[in-house]
Amino acid sequence: MSDLASRIRAEIEASGPMRLNQFWNLCLFDPTDGYYTSRDPIGAAGDFTTAPEISQMFGELLAAWAFAAWDGLGRPSPFTFAEAGPGRGTLMADMLRTLRQLDPAFLKAARIRLVEVSDRLAGIQAERLARFDLPVRRVRQIEELDGDGPLLLVANELVDALAIRQFVFRDGAWHERLVDVSGDGFAFADGPATTRVPAPLARLPQPAAGAVFEVSPERDALCAALAARLARQGGAALLIDYGHARTGFGDTLQALRRHETTSALDAPGAADITSHVDFEQVARAMAGAAPTLRFGLAAQGDFLLSLGLPERAGRLGAHADEAGRAAITAAVHRLAGRGQGEMGALFKVFGAASAPLPLPPFVQPRVD
């Protein structure tokens, strides 16, 4: 048993079963042994692969979106250009390279910020971006972003990493799902029946026995803080993640280790724990904090196609050999396709802006 697992076990034995979100945060963000604080999880040698690691086209198209949004907001100067949850810095590197080519005025006006909680990943990001010779600053929370001027923010696979709580419907009542010790490991246990359930449940039909409902106060808080910042200073944001467009029942808790699914309760600190994002609740949390914002939601495939993914692939392929063109085609299908193992439908792009922008996802209604 790892040191982290031993410490979690000791805490449960001393205080009783813990909420899932507490277990989740210990597994991912424990200062010593947390998943994100102790390892580089992304890529073939890690546990999962993100869209920026699949192809440079993803970052290039997001850079084009950021430039168009900046232009649509009146080309403010100065403004903050931020990525939240930057991973290994791949997405920001591709965006900066593309933006420098599109118009140097964007980077001249931009204060570039990375929102990153992991010191380990922050070091990788700094090394990756050093070649741009730009004053890139790292902060730990969205609330720490510079308060003056508009904000343009991109976050790819950030919201799914924020912890959830789960409730299960049994014997005519809702019970919070807790984590307890079991043998040498951990297991789920039902807490006592409760009448204090999440407010979104009031909008849903009567649940069937065994139904699971997920809620994330941490996601709500982050979205509210971002919305308040956009409403106060102006700007726009893209939140890109896998999830569903409407609030509903379902157990979406999952864990990945070495690119394979595993139990979220096994090997604390050694696997990535995530769940699907409820984008209706994202919009609800943001609108509650800033009702004047504009919102939009699109499937990732439709979003990328509307930004010119096929055309960009064609230009790249024109200078590649046969193997290179096959790799580019495969990347297009993985990013925008709707088949098994492809991101086009499962991943959603949520947009929020302080002013009308004639850009996807605001003009791209298809979300499935």
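1. Alanine 352 is buried, with a relative accessible area of 0%; buried here means under 20% relative accessible area, exposed over 50% and partly exposed in between, with a 1.4 Å probe and protein chains only. The residue is found in strand 16 (residues 347-353). Helices (H or I, at least four residues) and strands (E, at least two) are DSSP runs numbered from the N terminus. The structure is a predicted model, in which local features need pLDDT of at least 70 and side-chain atom pairs count only at pLDDT 80 or more, while totals for chains, interfaces and linings use all residues. Residues are numbered from 1 along each chain as its sequence is written, and side-chain values use heavy atoms, with hydrogens and water left out.

2. Apart from residues up to four places away in sequence, alanine 352 touches Leu230, Gly235, Ala236, Ala237, Met286, Arg294, Phe295 and Phe362, where contact means heavy atoms within 4.5 Å.

3. The largest nonpolar core has 51 residues, of which Leu62, Trp65, Phe81, Met95 and Phe106 touch the most other members. Helix 5 (residues 56-72) gives the most to this core, with ten residues. A second, separate core of 30 residues includes Ile142, Leu222, Ala227 and Phe350. Such a core is a set of buried Ala, Val, Leu, Ile, Met, Phe, Trp, Tyr and Cys residues joined through side-chain atoms within 4.5 Å.

4. Leaving aside neighbours within four places in sequence, tryptophan 65 is in contact with residues including Ala236, Ala237, Leu238, Phe303, Leu307 and Phe362.

5. Helix 13 (residues 322-336) has 15 residues and reaches 21 Å from its first C-alpha to its last, close to the 21 Å expected at 1.5 Å a residue; the expected span is 1.5 Å times one less than the number of residues.

6. Which residues of helix 13 are buried? They are Ile328, Ala331, Val332, Leu335 and Ala336. These residues lie on the same side of helix 13 because they cover an arc of only 100° around the axis, the arc being that of the directions from the helix axis to the C-beta atoms. The face turned away from this buried side carries the exposed residues Glu322 and Ala323. Helix 4 (51-54), helix 5, helix 11 (300-306) and helix 12 (309-317) are among the elements covering the buried residues of helix 13.

7. In helix 12, Leu309, Ala313 and Gly317 are buried. They cover an arc of only 70° around the axis, so they are on the same side of helix 12. Their cover includes helix 5, helix 11 and helix 13.

8. Strand 7 (residues 173-182) and strand 8 (residues 185-194) run antiparallel and are joined by eight bridges; two strands pair if DSSP finds at least two bridges between them. Histidine 175 stands opposite alanine 193 in strand 8. Their hairpin has two residues between the strands, and glycine 183 takes a positive phi near 60° there.

9. Arginine 177 is placed in strand 7 and counts as buried at 11% relative accessibility. A polar contact of 3.3 Å joins its side chain to that of aspartate 251. A polar contact is a pair of N or O atoms within 3.5 Å; within protein, one must be able to donate a hydrogen and the other to accept it, and residues adjacent in sequence count only if both atoms are side-chain atoms.
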